[in-house]
Each structure stands twice: as C-alpha cells, then as structure tokens.
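Q: I'm new to this one. Could you walk me through the sheet and the helices packed around it?

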Amino acid sequence: MPASWLFSTPCSKLNHQICRRRGDHRLIFSPVFLFSGNGKQMVTTGSASSTSNPNNNRGAFTTLKERVTFEKEIKKSKFIAIAGHIPDERSAQSFLSEVGDPRATHNCWAYKVGEQYRSNDDGEPSGTAGRPIHSAIASSGLDRIMVVVIRHFGGIKLGTGGLVRAYGGVAAECLRNAPTCLIKSKVRMGLEVPFELLGVLYHQLQSFQAEDIKQDYDTGKDGVTMVTFKVDFDRLQGLEEAIKANCSRDIVFYKH
C-alpha cells in the first residue's frame with residue numbers, strides 16, 4: 001500500500017489502524033500542530049469558506065510572525081487596522097478583547113483559520129466592513145490570522161462603496177508588508193531498531209532535521225531499542241524511504 005494512503009486517511013481511522021503487509025510494517029502517524037493564542041460576545045456574519053489555503057494540503061501554512069498595526073485617516077474618520085496570528089477559532093474572541101477599542105464607533109473584524117472564516121460589521125451597513133476585511137485576508141494568502149479594523153467616526157459619511165474601500169483597503173495595507181513565517185505541522189513517530197543500526201538511523205534523523213529524539217531500551221526484545229522523534233510533515237515520506245534504503249533489514253514504524 002503506498003505511503004500516500006496514510007496522508008489521505010482521516011486521523012480518526014489512523015488512530016485505530018496499523019497497515020501491514022507480510023513483514024513489511026508500514027508507518028502510522030498522527031499530525032500534530034505545534035503552537036503556543038474576555039470579553040465581548042462575537043456575532044458573526046460569515047460562514048465556512050469554500051476556499052482553502054493550498055499550503056494546508058501539505059501540512060504547512062504561512063501566517064503572521066507578529067502583531068501589526070496600520071492607521072489611516074479617510075474623510076476625517078480614523079481607521080486603525082490591527083492584525084495578528086490566532087492558532088484556532090476559539091482564540092479570536094480573546095484577540096478581539098485585547099485589541100478592540102470600546103470607545104470607538106465601530107470595531108469590525110474578520111478571521112481565517114484553515115477553511116473556516118467569520119466576519120462582523122459591528123453596526124456598519126451589512127457587507128461593508130467584515131466582508132472587505134475578509135477579502136483582504138484571503139488575497140494575502142495568510143492563514144490563522146485575524147484583522148480588527150477600528151473606526152473613529154469623523155462626521156462625514158462615506159457611503160456604501162466608500163466603506164467597502166476604506167475597510168478593505170486599510171486591512172490590505174496592514175497585511176501587505178507584515179512580517180510572516182511558515183509553520184509546518186509535526187508528525188510524532190516511533191520505530192524499533194536493532195542496536196547495530198542506530199548509527200545509520202541517527203544519521204538519517206539528523207539529515208531530515210528530526211526533533212525531540214528519545215530512546216527507550218525497555219522494549220522486551222533483546223538487542224532492540226525504541227527511538228521516538230518528531231519530523232516535519234513534508235519530510236516524513238522522504239525520511240521513511242531513506243531509512244528503508246539504508247538499513248539492511250525491515251524497520252517497524254509506529255504511531256507514537
């Protein structure tokens with residue numbers, strides 16, 4: 001069975017299955033995202049998005065490296081956009097509570113987490129604030145981020161088109177030059193290996209930048225140790241192939 005099957009199988013099935021073929025023990029894994037993200041009730045005007053970030057299919061995505069702010073005055077109204085990384089949807093409410101200004105006329109926002117997005121016009125005419133902010137996020141190619149645009153009304157009405165341009169434009173400017181970073185999901189793995197192959201294994205683990213490598217000799221098998229580690233999602237298949245190509249006998253891979 002090809003290794004690609006493992007990538008397309010839901011995690012709920014992987015948690016209960018081990019794929020084997022007459023002595024050829026295939027690897028099993030569970031993807032683990034590594035992240036370290038009171039307030040106002042959120043009323044949403046958006047729904048699940050049908051467009052996903054293509055990076056998600058590879059177990060990686062680009063997000064904001066740090067919180068960024070952009071301010072612009074438009075016809076005497078002050079617009080302040082604040083954008084930042086949120087690890088999940090539950091973190092959006094905390095982010096809004098932290099950056100929102102209760103003294104402002106409006107605190108409009110949108111966020112995107114994978115295929116999910118939400119947006120809110122916070123009193124502006126429907127579709128003139130939250131949706132343009134979300135469009136700016138979608139155009140940026142960034143994921144797991146939230147943008148809050150705060151408006152202090154200056155006395156001049158902008159009209160529907162003016163509001164769309166203002167909220168969408170300020171959000172886009174905030175994200176345009178913001179520092180970003182690529183985050184890759186990690187896969188936890190374990191494998192049983194004979195003592196004499198430890199040197200070969202550790203060389204491959206180093207080559208593929210495996211992390212958190214641990215060794216356990218209490219396997220109940222003579223001359224065999226269990227080695228566990230984490231490796232980037234997109235390096236997993238290459239590592240498996242390299243280990244098999246450089247070891248003279250079958251290696252048993254386990255989900256850890």
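A: Strands here are DSSP runs of E, at least two residues, and helices are runs of H or I, at least four, numbered from the N terminus. This is a predicted model, where local features need pLDDT of at least 70, side-chain atom pairs count only at pLDDT 80 or more, and totals for chains, interfaces and linings use all residues. Residues are numbered from 1 along each chain as its sequence is written, and side-chain values use heavy atoms, leaving out hydrogens and water.

Strand E6 (residues 77-85) and strand E9 (residues 145-152) run antiparallel, joined by 8 bridges; two strands pair if DSSP finds at least two bridges between them. Now zoom out: the open sheet has 5 strands, in the order E5-E6-E9-E7-E8, with antiparallel pairing. Strands E5 (68-74) and E8 (116-120) stand at the edges with a single partner strand each, so one side of each has no neighbour in the sheet.

Next, the helices. Helix H3 (residues 91-99) lies across E6, strand E7 (106-113) and E9, at about 30° to E9. Angles run from 0 to 180 degrees between N-to-C directions, with axes fitted to C-alpha atoms, for helices over the stretch in contact. Helix H5 (residues 159-176) packs on the sheet too, touching E5, E6, E7 and E9; contact means heavy atoms within 4.5 Å.

H5 also meets helix H4 (residues 130-140): their axes come within 8 Å and cross at roughly 30°. Among the residues in that contact are Ile133 and Ala136 from H4, and Val164 and Tyr167 from H5.
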